[in-house]
Amino acid sequence: MAGTATVRPATYDFDAVEQKWQRIWEQQGMYRAVEDPAKPKYYCLEMFPYPSGKLHMGHVRNYSIGDVVARYKRMRGYNVLHPMGWDAFGLPAENAAIQHNIHPGRWTWDNIRYMRQQLRRLGISYDWNREVASCHPDYYRWTQWLFLQFYRAGLVYKKKAAVNWCPACATVLANEQVVQGRCERCDTPVTTKDLEQWFFRITRYADRLLEDLDRLDGWPEKVKTMQRNWIGRSVGVEVRFPIKGMDEELAIFTTRADTIYGATYMVVAPEHPLVPRLIADNPDREAIERFIEDVRRQDELARAAEDSEKLGVFTGSYCVNPFTGEEIPIWIGNYVLMGYGTGAIMAVPAHDQRDLDFARKYGLPVRVVIAPEHGPAPDEATMREAFVEDGKMVNSGPYTGLPNREGLERIADDVERRGIGRRRVQYRLRDWLISRQRYWGCPIPIVYCPECGPVAVPEDQLPVLLPDDVAFKPTGQSPLVESEEFVRTTCPQCGKEARRETDTMDTFVDSSWYFLRFCDPEATDVPFRREKADYWMPVDQYIGGVEHAILHLMYARFFQMVLADLGLVGTGRPFQNLLTQGMVLKDGAKMSKSKGNTVDPDYIIKKYGADTARLFILFAAPPERDLEWSDAGVEGAYRFLNRVWRLVSDLADDARTAGAIDGRTGRAPDPDAQKLRRTVHRTVQRVTADIDGRFHFNTAISAIMELVNMFYQYKERGGPRDREVVAEGLEKLVLLLAPFAPHLAEELWHMIGRTGSVHEQPWPSFDPDLVQADEMEIVVQVDGRVRDRMMVPRDLADDEVKARALALPRVAEHVAGRSVARVVVVPGRLVNVVTRR
C-alpha cells in the first residue's frame, strides 16, 4: 500500500460522532422538504405522539422504522417529506394539573421540549421546520375552522344522548375507553349519563368508508377487517310489533325475516326508551332497575361478544307477532345494544346461537322454522346448536316449503305491502360524539344566544382561545363554565349578550387532519394551501400501532373524504399504505411502569448510542411482530457497530487510494477478491429487496452482518488485497448501513474519503451478472421422470452437462439395458435422457 496509513481511533466514540453529525445535519438543513415537481414525492409519516413526558421503547421502534423508510426513499431519488408533531390536547394533561397543581399547558409544553430533545438525540431525519402541536392556537384555530365547514355542510348536530361517564375523570368516554365496565385510564367503574352532546355525521359516509377499504391494497387485511366490522353494514327488514295493552309498537331490525315465525320472545336493550313503560306495572320493578343499572355499567363490546354470558329479566309485558298473531314476552337482555339497529330484537332461538343460549338459560320456547333440504329437522327440545344454514321453510304458514332465501324476500315484500315495516340498510357505525366536558381541548366555536339560538363563531374571530383562569377540578361539568371571561360574549348575529359553548372537542378531531397541516404548516390564511396538499398527499407510508386501527384511522378517512367533497383537497384518501408495528415486550409482557419492566431510551442511548438502540430494535423482529427486549441483543448490536468501525478503520486507506473498479483493465480480481465482490453485490440485492416494500429490516441487517463477516475473512486471509474491490465493497457497505445506523455511516463515509453526505448519495446498485451463483442445480430426467439432480458451473458447456448427467449412478441404473436415443438440455433447468428400448 502506497503512503502512510492514517491513524484513527481504535474504538467508536459514538457520543462524539452522533452529536457531531446531528449538529451538522441541522446546520445544513439536511432534511428540509421543499416541493419539487421534477422529483417523485414520498410522504413518510409516523403517528404523532401524545407528549406524555418521555419517550418509551415503543416510540423508539415506531420512529426508527419510519426513519429507515424515509432515508431509503431519499437515497432512491424521492423528494421525501418526513415531519413530526404533537397530539397535545387530552385528559392526561388535565389530570396532571389536578394532581400536581400545574397548568396543563405548562405540563404539555415542558414535555414537548423534553421529548423533542430525545427525538433529536435519536437522529431521526425529521423536517423540524414543519413541527406542529395541536394545542397551539395556530393549529387549533384551523381545527375550529374545519368544524365550521362541517357545520355549514350539515355534518354537525347536537342532541341529548346517553353517554359513558367516568365519575373520577368527570368526562365522557368513548365505548373503546370502557374496559370491563371501568375507565381505561383510572379504573373507576363507569356509569351512564344523559347530556347534550355534539356529533359529527360520520354515518352519512358509512358506505363510502366501507367501499373504499377494497381499494386500500397497501393496508393490512386485519385492519380492514376491523374497520368493516366496526362499520357493520347489514341489509334487512325493520318490522313493527304491536305491544299488548299499549298504544305503542316495538320496532326490530332483522337480516333474517325468513325466521319471523320462529320468534318466541323479544329482547330490548336496557337503555331502550320504552323500558320504563314496559316495567311500570311489574312488581319486581326495583330489582329490574338494579339489573338495568348493572348492565349499563358494562363494556358494550364485552356485552355483545359471542362468548359472553347472556343475562336478562322479563319485563312483564308482551307484544304481538304480526305474522302469527301470537303474544310473545318482552325481555331485557345484556346482549342487545341500543346503539345497533333499533335497540330491540325478535329472538329466534332455533336459528341464532345467542338467542338459543338465552332461551335455554331461562326456559323459553324454541321453534324450528328452517330445516335442512335433506335429512330431519333439528329437535327443538334437545338442540344445543342453532341451525343457521339455508334450507326449506317449515312451520311458517303460507311460506312453508319455500327455499328460505325466497321466503325471506316474500316476507319482506309482505311487510312493506302491509305497512308494518320496510326494507333498510343498517350500520353498526354510530355518529361520532365529539363533546368532552374538560378544559384541555379545542374549544367548540359555537355561542348560544337567547334570541338566535346556537350561532357559529365568525371565521375572522377564530381562534376561540382557551382561558388561563380556570380551576382544574373534576366537577362533572367543563371547567370552562367557571371562567366568566370565556363564557360571556356577544351574539355575532344580533349583538346581544350570549354565552360560549363550554365543551371541548374530542382529541381525535385534532389527529384527523394533522397530516394535512404538515403539508403547509406556515399557512396563515387557510389550514393548508390546496396546491401543497395535492403535491404531498396522500401519505405514502403511515406507521403506527394497531390499537388505532379503528377510531383514528376511521376518523381520518372520514375527514379526508369530507374535505375532498368540500374541494379543499384533491384526494379522498389520506393514507396509501399502512404499517402497524408490534409492541415492545419485556419478560413476555408489554412494557409498563406499573409492571416495573420498562427500559429508559435515554439510558440505552447514553450507554450504547442512538445507532445501537435503533439497530437492535430493527434487528430483533419484523416490524409487524411483537419484539421481546433483550439486554444481550443490545450488547450484540453495540459490538457489531464497533466491529464495523474497526473494519472500515483498518481498510479505509485502501478505499481512499483505490481507483474505480469499473475503470480498470487488464486485471481480473483474484478468486478471493472475486468471492468478496460477489458477496457485496448479492448483499445489495438482498437488502434492497428486504427494505423495498417488504420492510424486512431484520433480514436486511442480517445480510449486512454476513457481509461484514466476509470482509473480515478476506482481510485476515493474508496476502495482498485488491484495493479496488475493497473500495467498492466498503462504499456499498456504508451506503447499505446508512438507513439503519445513520451517524456511524456518515462518519465512515468520510473516513473512506467520500464527499457530501452519505444520506444524499444514490442507493447502491448491484451487477446482475455478479449476483448469479457460480453453480446452479440441474434436474436430471430419464424418459421424462426425475431420477437425480446435480450441481454444475453456470457457464458449463451443454456437451459437458450431458456427459456429467450420463455419468450419474442413478441415471446409469435407469439407462442400463437400453440405448440412448438423445439427450435434451434445457439450459439452466434440466437434462432429459431419452432412451430407446
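## Exercises: buried sites, a helix and a hairpin

Lys310 is buried, with a relative accessible area of 4%. The model is predicted. Work through the exercises with the structure open.

**Exercise 1.** Find where Lys310 sits in the chain, and list what Lys310 touches.

*Solution.* 
- Step 1: Locate the residue. Lys310 is in the loop that runs between α10 (300–304) and β13 (312–320).
- Step 2: Classify Lys310. Buried means under 20% relative accessible area. Lys310 has 4%, so Lys310 counts as buried.
- Step 3: List the contacts, leaving out residues up to four places away in sequence. They are Ala305, Asn334, Tyr335, Arg354, Asp357, Phe358, Lys361 and Tyr362.
- Step 4: A polar atom of the Lys310 side chain lies 2.5 Å from the backbone oxygen of Ser308.
- Step 5: Check a separation. Lys310 and Thr342 are 32 residues apart along the chain, and their C-alpha atoms are 19 Å apart.

**Exercise 2.** Is Ser396 buried or exposed? Which residues does Ser396 touch?

*Solution.* 
- Step 1: The loop between β17 (392–393) and α12 (404–418) holds Ser396.
- Step 2: Read the accessibility. The relative value for Ser396 is 0%, so Ser396 is buried.
- Step 3: Name the contacts. Ser396 touches Tyr261 and Val369, with residues up to four places away in sequence not counted.
- Step 4: The backbone oxygen of Val394 is 2.7 Å from a polar atom of the Ser396 side chain.

**Exercise 3.** How do β31 and β32 pair, and how many residues lie between them?

*Solution.* 
- Step 1: Find the strands. β31 covers residues 775–782 and β32 covers residues 785–793.
- Step 2: Read the pairing. The two strands pair in the antiparallel sense, over eight bridges.
- Step 3: Check one bridge. Ile778 has Met790 in β32 as its partner.
- Step 4: Inspect the turn. β31 and β32 form a hairpin with two residues between them. In the turn, Asp783 has a positive phi of about 55°.

Terms used: Residues are numbered from 1 along each chain as its sequence is written. This is a predicted model: local features need pLDDT of at least 70, side-chain atom pairs count only at pLDDT 80 or more; totals for chains, interfaces and linings use all residues. Side-chain values use heavy atoms; hydrogens and water are left out. Two strands pair if DSSP finds at least two bridges between them. Helices (H or I, at least four residues) and strands (E, at least two) are DSSP runs, numbered from the N terminus. Buried means under 20% relative accessible area, exposed over 50%, partly exposed in between (1.4 Å probe, protein chains only). Contact means heavy atoms within 4.5 Å. A polar contact is a pair of N or O atoms within 3.5 Å; within protein, one must be able to donate a hydrogen and the other to accept it, and residues adjacent in sequence count only if both atoms are side-chain atoms.
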